[in-house]
Amino acid sequence: PYGTGYVDEYGIIKTLEYIRDNLSDDYYGKVIINMSLGGPGECDPAIETAISDIYNYSSNSKFIIVASAGNDAGDVSTPANCAGVIPVSATDEGDSLTLFSNYGSAMLNGLSAPGSNIYTTIPGNDYSYDDGTSFSAPIVSAVLAEIWSKKPDYKNYEVIDLVKKTAKDLGDDGPDKKYGWGRVDMYKAFSYIESDLSSRGINKDFLAWPNPFYISKNGYIKF
């Protein structure tokens, strides 16, 4: 990503260890770790161990880890390509993959979000438009956080599953190597939650999604 800072694998590992040792207590609530950083190559085994330790250390499924896919128009960068991390690619104003966004098999576990012409703060107490998957990843993190705040009883995998299933499917049908499960859609995610009639005291045998269902567009229906 286009940041001006620098951190190596050791710095990432020490940060993850700090989070594991200091934020696992229930006092801190749910924790979403956003990493808008990355570099080339396979996932460092030491980083993968640190990520695994975070999930294993907490028995209440309180952590979710998200990372930017990278901006080299090549393979998903690390640590976004590590197991247990949700990689995020960048889309443009037309819901197409940006020319700079990384992609690849790691995206089959990922999501996409806007990353082109993002209006943001810059040094010097000013604002400007910028590009990068570093902007896409925190959008996904924010959607996950909003859903978790709405459903605090959900386990981390339930939050992730809901956001993936309600994302706008782009590219090939289903998860693909460019957009992952699709571009995140906050409105659809919240609509899915509100369609859960059991929360209103009404029991049901099944819930069909999407609703309404269009066979020419959706292709399949989930029960």
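Analyst: Helix 1 (residues 9–22) and helix 2 (residues 45–57) pack at an angle of about 10 degrees, and their axes lie 9 Å apart; axes are lines fitted to C-alpha atoms, for helices over the stretch in contact, and angles run from 0 to 180 degrees between N-to-C directions. Helix 1 is therefore roughly parallel to helix 2 (angles under 35 degrees count as roughly parallel). This is a predicted model, in which local features need pLDDT of at least 70 and side-chain atom pairs count only at pLDDT 80 or more, while totals for chains, interfaces and linings use all residues. Residues are numbered from 1 along each chain as its sequence is written, and side-chain values use heavy atoms, with hydrogens and water left out. Helices (H or I, at least four residues) and strands (E, at least two) are DSSP runs, numbered from the N terminus.

On the helix 1 side, the contact (heavy atoms within 4.5 Å) is made by E9, I12, I13, L16, I19 and R20, and helix 2 contributes A46, I47, A50, I51, D53, I54 and Y57. The residues of this contact divide into ten nonpolar, no polar and three charged, where Ala, Val, Leu, Ile, Met, Phe, Trp, Tyr, Cys and Pro count as nonpolar, Asp, Glu, Lys and Arg as charged, and the others, Gly among them, as polar.

Turning to the backbone, the peptide bond from T78 to P79 is cis, with omega near 15 degrees, and P79 lies in the loop between strand 2 (63–68) and strand 3 (85–91). N117, found in the loop between strand 4 (111–114) and strand 5, has a phi near 55 degrees, a positive value in a residue other than glycine.

Methods:
Angles under 35 degrees count as roughly parallel, over 145 as roughly antiparallel, 65 to 115 as roughly perpendicular and the rest as oblique.
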